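Dear colleague,

I am passing on the structure below for you to look through. My notes on what was found in it follow.

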Amino acid sequence: LVAIPNVVDQAEVGATAARMLTEINAPMATGATHFEPVCSLGVALFPVDGHDFATLIDKADAAMRRAHVAGGKEVMMFSKHDEAMRDMLRNPPSPIG
């Protein structure tokens, strides 16, 4: 969880998240062991995407899942598409029969 105060616009948040992702996904080594993390970030903006902590976390998580499905190492901003997909997964349509 990262809170960025005094955000001017969505592009500023996207650029900050992209810089964070680059650092998080940098290859690492401990002794003879080398590994490359795979991290995805989902972003939700206050007050556009929600007015309370739980709503913002839920929406950022939905965006992060979309980033993960896209192959990882991505930053995704929450969108209405995420909300529709989340609702469909929580309440799948009943089978026709």
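With a relative accessibility of 9%, phenylalanine 78 counts as buried, because the cut-off for buried is under 20% relative accessible area.

**The nonpolar cores**

The largest nonpolar core has eight residues, namely Val13, Ala17, Leu21, Cys39, Leu41, Val43, Leu45 and Met77. At least two residues of this core come from each of helix H1 (10-24) and strand E3 (41-43), and the largest share, three residues, is supplied by H1. Apart from this core lies another one, of five residues, which includes Ala62, Ala63, Ala67 and Phe78. As general background, nonpolar side chains in soluble globular proteins tend to be buried together.

**The salt bridges**

How many salt bridges does the structure hold? There are two, and I describe each of them in turn.

In one, the side chains of lysine 73 and glutamate 36 meet, with an N to O distance of 2.2 Å. Lysine 73 is in the loop between helix H2 (53-69) and strand E4 (75-77), whereas glutamate 36 is in the loop between strand E2 (33-35) and E3, so the pair ties together parts that are 37 residues apart in sequence. Both partners are partly exposed, lysine 73 with a relative accessible area of 33% and glutamate 36 with one of 48%.

In the other, arginine 65 is paired with aspartate 61, and the closest N and O atoms are 2.4 Å apart. Here both residues lie in helix H2, where four residues, or about one turn of the helix, separate them. Arginine 65 counts as partly exposed at 37% relative accessibility, as does aspartate 61 at 28%.

Please keep in mind, when you go through these distances and accessibilities, that they come from a predicted model.

With best regards

Notes
Residues are numbered from 1 along each chain as its sequence is written. This is a predicted model: local features need pLDDT of at least 70, side-chain atom pairs count only at pLDDT 80 or more; totals for chains, interfaces and linings use all residues. Side-chain values use heavy atoms; hydrogens and water are left out. A nonpolar core is a set of buried Ala, Val, Leu, Ile, Met, Phe, Trp, Tyr and Cys residues joined through side-chain atoms within 4.5 Å. Buried means under 20% relative accessible area, exposed over 50%, partly exposed in between (1.4 Å probe, protein chains only). A salt bridge is a side-chain nitrogen of Lys or Arg within 4 Å of a carboxyl oxygen of Asp or Glu.
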